[in-house]
Amino acid sequence: LEVNRLVYQPSDTQYKSGVPVAGAKLEIVDVTKSFYELVNRQKLSLKEAQEAVSKSNKIDGQSLAVATTDQSGLVRFTVSKTSQQRPAVYLIRELVTPVAVTKMENMVVVLPILDESGNEKTFLSLFAKSHGTFSFDKTIDEKQSSYSFGEPIPYRLSTIIPQDMTNLSSYEIEDIYDQGLRFISESLEIFIDGEKQSDSIKAVSLSENQFRVVFDVAKLADFSGKKLEVTYQMVIKDEAAIDQDLVNTATLYPGDLTPLVDRENVQTGGFRFIKRAAEGKQNPLAKATFVIKNHTDDTVLTYKEGKYQFEKVATNASGVVRLTSDNEGYFEIRGLRYGSYLVSEIRAPTGYVLQDKPTAFTVGVSTYSQGPVLSIFNVKKPKIRLPYTGTVVTSTAFVGLLMMASSLVMIRRRKK
């Protein structure tokens with residue numbers, strides 16, 4: 001029996017363009033007895049019994065040989081045509097799968113196999129099925145369309161620990177992230193088949209905008225074939241670019257073999273406003289002050305310890321985000337999730353009436369960089385005019401004259 005150990009691209013459903021896989025360790029097992037027990041006792045057809053044996057993880061049989069595929073992906077076994085006075089049945093399975101290759105499907109060979117003329121074949125060339133390459137995935141748990149400044153973003157790296165781990169000189173994972181992201185080092189955790197591990201890490205090194213996890217190869221070898229996951233959190237910093245992808249690239253370095261790469265990206269949004277006079281040429285107004293509110297519960301946006309959050313606090317409380325229009329009337333909010341919000345004026349420009357009704361706006365893709373810029377208007381305070389006082393002045397003068405005349409009369413009387 002000659003086994004061609006090949007790997008195929010997912011799109012190659014006809015298995016026509018396989019790539020040889022060297023270093024795969026295959027075992028051939030005599031399962032004749034178990035096979036015919038399925039046929040005779042469970043009344044399965046030959047095809048059904050063949051499928052049952054291939055999918056079983058606990059099939060009884062006698063291991064006959066173990067061999068490793070060469071550079072052409074080939075391995076050969078010499079076997080008997082019969083076993084226990086019956087046509088022999090053999091199971092071929094993979095014990096060790098090389099790095100970056102998915103495990104091949106089990107193969108069950110039921111002898112005899114005949115050629116087109118009805119003659120029994122003495123040499124069989126078999127082609128194992130194995131779709132795709134061994135994966136290394138970078139994902140974000142419950143990924144959102146956008147994130148706010150300081151909001152924890154849960155990343156996850158996952159792969160399968162190679163079955164020939166001991167053949168690798170090293171095993172490392174590196175993550176390089178955008179300058180607008182900050183890695184929370186204390187959030188780093190390692191899981192193997194869902195169980196938290198710490199002994200498998202040899203070192204974690206940090207440098208500018210990247211970190212690297214160095215694994216202990218010998219300890220990882222104890223978990224060959226199991227799922228390895230690296231989880232950690234990052235946050236978007238307040239100096240991050242708005243409306244742009246903040247890219248995060250992870251690379252798995254399996255010794256001297258070809259590195260595997262995957263990446264994720266996140267975004268944060270923003271919005272721009274302009275304060276204008278409601279009258280005339282609608283000139284821009286400076287020094288108007290605003291806060292941002294949640295459109296559902298009237299909570300106020302605060303910024304504390306590098307993180308946005310909405311709180312039930314007064315607009316003059318510590319940590320409240322206050323926005324003030326500049327000399328051109330512009331002001332803006334950066335680093336919000338996509339969604340609906342309210343902008344509420346808390347101080348009007350000098351000489352203008354406070355706009356006491358909040359204005360709704362929606363942060364979305366490119367609303368910061370491409371607009372629209374939302375205009376918010378104020379009306380001037382009315383001028384207070386004093387009433388006309390001419391009549392009052394005339395009356396006052398008449399009273400004064402009357403008092404003077406009375407004084408003169410009294411002086412004359414005293415002289416007499």
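Modeller: Happy to! Contact here means heavy atoms within 4.5 Å, and helices are DSSP runs of H or I with at least four residues, numbered from the N terminus, while strands are E runs of at least two. This is a predicted model, where local features need pLDDT of at least 70, side-chain atom pairs count only at pLDDT 80 or more, and totals for chains, interfaces and linings use all residues. Residues are numbered from 1 along each chain as its sequence is written, and side-chain values use heavy atoms, leaving out hydrogens and water.

Colleague: Which residues in α2 do F35, L38 and V39 in α1 meet?

Modeller: Helix α1 covers residues 32-40 and helix α2 covers residues 46-55. From α1, F35, L38 and V39 reach across to α2. Their partners there are L46, A49, Q50, A52 and V53.

Colleague: How are α1 and α2 oriented to each other?

Modeller: The axes, lines fitted to C-alpha atoms over the stretch in contact, with angles running from 0 to 180 degrees between N-to-C directions, lie 9 Å apart at about 130°. Angles under 35 degrees count as roughly parallel, over 145 as roughly antiparallel, 65 to 115 as roughly perpendicular and the rest as oblique. The pair is therefore oblique.

Colleague: What share of the 416 residues is buried?

Modeller: Buried means under 20% relative accessible area, with exposed over 50% and partly exposed in between, using a 1.4 Å probe and protein chains only. By that cut-off, the buried share is 41%.
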